[in-house]
Amino acid sequence: MTPPPRSSTPSQCTCFRLRRASRRVTQVYDHALAPVGLSLNQYSILRRSEREPRVLGELADELGMDRTTLTRNLSPLVDAGLVEAVRGRDARQRMVTVTASGRERLVAAKPRWRHAQAVIDTMLGEAGIARLHRDLDHLDELLRHHLGLAA
C-alpha cells in the first residue's frame, strides 16, 4: 500500500498537529475494537466506570469531555444495555453504572485494546512512549491550570 502524499507545507498549528495525530491513533483503536461493537470513546467510558458507579460530571471531567458530549456518547451504550444511568444520592445527581452485559463486552474488548496499544507502543518504542506520556500529562496539567480547572 502506498502511503498518502505528505503535505508540502507542515502546519505550525499545535492544535492541528495534536488533533491529526489523535484522529489517527483513535482509528487504530477503533479498528481493533470494531469486532466487539465498541468505539474507543465507548470503551473508555466502560473502563472508567467498571469498578463502581460514577457521577456523570466527574466521569466527564476524567475523560476530558463536557457533560453534554458524555451524555451523547452514553446513549448508544445505554441503548445496547451496556450501562445504566441511575440517580445518585440526591435526585439531581446522575450516575453511570456498567451492567453485566457491559462487563462481558469489556472482557471481549480488553485483548483488542491491548493489541492496539501494542501497535502504537511498537511504533514509538519504550522510551518514546514514556516521553509521550510524560509530555502529554505535563501539557494536560498546564492546560487545566490555564483554564482554571481543578487539578
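**View 1. The open sheet of three strands, in the order β1-β3-β2 with antiparallel pairing.** In this predicted model, local features need pLDDT of at least 70 and side-chain atom pairs count only at pLDDT 80 or more, whereas totals for chains, interfaces and linings use all residues. Residues are numbered from 1 along each chain as its sequence is written, and side-chain values use heavy atoms, with hydrogens and water left out. Helices (H or I, at least four residues) and strands (E, at least two) are DSSP runs numbered from the N terminus, and two strands pair if DSSP finds at least two bridges between them. The edge strands, each pairing on one side only, are β1 (54-55) and β2 (83-87).

View 2. β2 and β3 run antiparallel and are joined by five bridges, and a hairpin of six residues connects β2 to β3. Along this pair, V83 has V98 of β3 as its bridge partner, V86 has M95, and R87 stands opposite R94 in β3. β1 pairs with β3 in the antiparallel sense over two bridges, and V55 has M95 in β3 as its bridge partner. Four of the five residues of β3 are buried (under 20% relative accessible area, with exposed meaning over 50% and partly exposed in between, for a 1.4 Å probe and protein chains only), so β3 is largely enclosed by the rest of the structure.

**View 3. The largest nonpolar core, with 25 residues.** A nonpolar core is a set of buried Ala, Val, Leu, Ile, Met, Phe, Trp, Tyr and Cys residues joined through side-chain atoms within 4.5 Å. The members that touch the most other members are L38, L46, L70, L74, L77 and V83. At least two residues of this core come from each of α1, α2, α3, α4, β3 (94-98) and α5, and the largest share, five residues, is supplied by α5. When neighbours within four places in sequence are left aside, L70 is in contact (heavy atoms within 4.5 Å) with I45, L56, L59, A60, L63 and M65.

**View 4. Two serines, S49 and S75, in helices α2 and α4.** S49 lies in α2 (residues 40-49) and counts as buried, at 1% relative accessibility. Apart from its neighbours within four places in sequence, S49 is in contact with R54, L59, V96 and V98. S75, which is found in α4 (residues 67-79), is partly exposed, with a relative accessible area of 37%. From C-alpha to C-alpha, S75 and S44 are 14 Å apart in space, and 31 residues separate them in sequence.

**View 5. The largest pocket, holding about 2500 Å³ of space.** On a 1 Å grid over the protein atoms alone, a pocket is an open set of points where a 1.4 Å probe fits, with protein on both sides within 12 Å along at least five of seven lines, and lining residues have an atom within 4 Å of a point. Of the 41 residues that line the largest pocket, S22, T26, L40, L63 and L136 are the closest to its centre. α1 (14-33), α2, α3 (56-63) and α5 (100-146) each supply at least two residues of the lining, and the largest share, 16 residues, comes from α5. The lining divides into 22 nonpolar, seven polar and twelve charged residues, where Ala, Val, Leu, Ile, Met, Phe, Trp, Tyr, Cys and Pro count as nonpolar, Asp, Glu, Lys and Arg as charged, and the others, Gly among them, as polar.

Definitions and conventions. Points joined across faces, edges and corners; volume = space filled by probe spheres on them.
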